Amino acid sequence: MNHEEPHVIAALVALCKQMDVRCVVQVGAEDGFEAAEIARATGGRAIAIEADERCFNHRADGVEFHTALIGATDCEAATFYRHVSFGLSSMLKRGDGGEEALELPQHRLDTFCAALDVRPDALVIDTEGTTLDVLKGATGILGGVRLIYAEVQTAEIRPGVSLLPDVEAWLTERGFVRREGLPAYYPGSQGNYTFWRLPQ
C-alpha cells in the first residue's frame, strides 16, 4: 500500500486537529491509513472508500471500510480499471498492460454518505485523476466540509485527468481557498493539494 510520508501525515493530522475535524471520508483510500491516522489523533470518525476490493484485506485499524466506486453520478455500471499495482487503479485507462476493465456500480459521494448517515467535515481524495468527478458528486455534503486534501494533476498525464486550475476554480466558487505548505506538496505532474474554508 502507498502511504503519505510520515512528515506529510504529521502535517495533515496537525491541520485536522487544528480545524477540529470530527469525521473524515477518504475516497480512493487503498487501506484507509490516512483517515485512520486522522481519526486516531482527533478521536473522530474515519470512513475509507475504495473501489478495488483487494484492499479490504489490508484495511487499516480504526476505519469503517467500504468497497465502492465513487464518481460524479449514480449509475448501475461504470468502467473501473483495476491495476495489478495497488494504488494505480482508476476510472481512467493507463494502457500500460497492467490493468483489467471491470464494470462496477458507481455512486455519488452524496448518495453514499446519505446511506451511511455520514456528515464529513474533511475529505481525502486520491482517485488517480478523477478528483473533480468525486467533488461534483459531493455537492450536497460539501457545505459541511471545511478541509479537502486531494491528489490533483498539473499536466494531462492521461486524457480526462482533473487539472489543478479546473479543480481550484470549482472549489473557489464554493468558498474554498488553496492552502500553501504542508501537508500539500507538488513533486511533478501531479501533487497533493490542500483546500480549506478559512477559519472564522
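Is aspartate 117 buried, partly exposed or exposed, and what is its relative accessible area? Aspartate 117 is partly exposed, at 47% relative accessible area, where buried means under 20%, exposed over 50% and partly exposed in between (1.4 Å probe, protein chains only). The model shown is predicted, so that local features need pLDDT of at least 70 and side-chain atom pairs count only at pLDDT 80 or more, while totals for chains, interfaces and linings use all residues. Residues are numbered from 1 along each chain as its sequence is written, and side-chain values use heavy atoms, with hydrogens and water left out.

**View 1. Salt bridge of aspartate 117 and arginine 119.** The side chains of this pair meet at 2.8 Å, N to O; a salt bridge is a side-chain nitrogen of Lys or Arg within 4 Å of a carboxyl oxygen of Asp or Glu. Arginine 119 is exposed, with a relative accessible area of 65%. By this rule the structure has 13 salt bridges.

**View 2. Salt-bridge network of Glu53, Arg82 and Glu100.** Arginine 82 and glutamate 100 approach to 2.3 Å, N to O. This pair links distant parts of the chain, with arginine 82 in strand 5 (residues 75–83) and glutamate 100 in strand 6 (residues 99–108), 18 residues apart. Strands (E, at least two residues) and helices (H or I, at least four) are DSSP runs, numbered from the N terminus. Arginine 82 is buried at 15% relative accessibility, whereas glutamate 100 is partly exposed at 37%.

View 3. Aspartate 31 is buried yet has no salt bridge, and the nearest side chain of opposite charge, arginine 40, is 10 Å away. For charge, Lys and Arg count as positive and Asp and Glu as negative; His and the chain ends are not counted. Not counting residues up to four places away in sequence, aspartate 31 touches Met1, His3, His58, Arg59, Ala60, Val63 and Phe65 (contact: heavy atoms within 4.5 Å).

**View 4. Packing of helix 2.** Glu34, Ala35, Ala36, Ile38, Ala39 and Thr42 are the buried residues of helix 2. They pack against helix 1 (6–18), strand 1, strand 2 (45–50) and strand 7 (122–125). Just after helix 2, glycine 43 takes a positive phi of about 75 degrees.

View 5. Cysteine 16 is buried at 1% relative accessibility.
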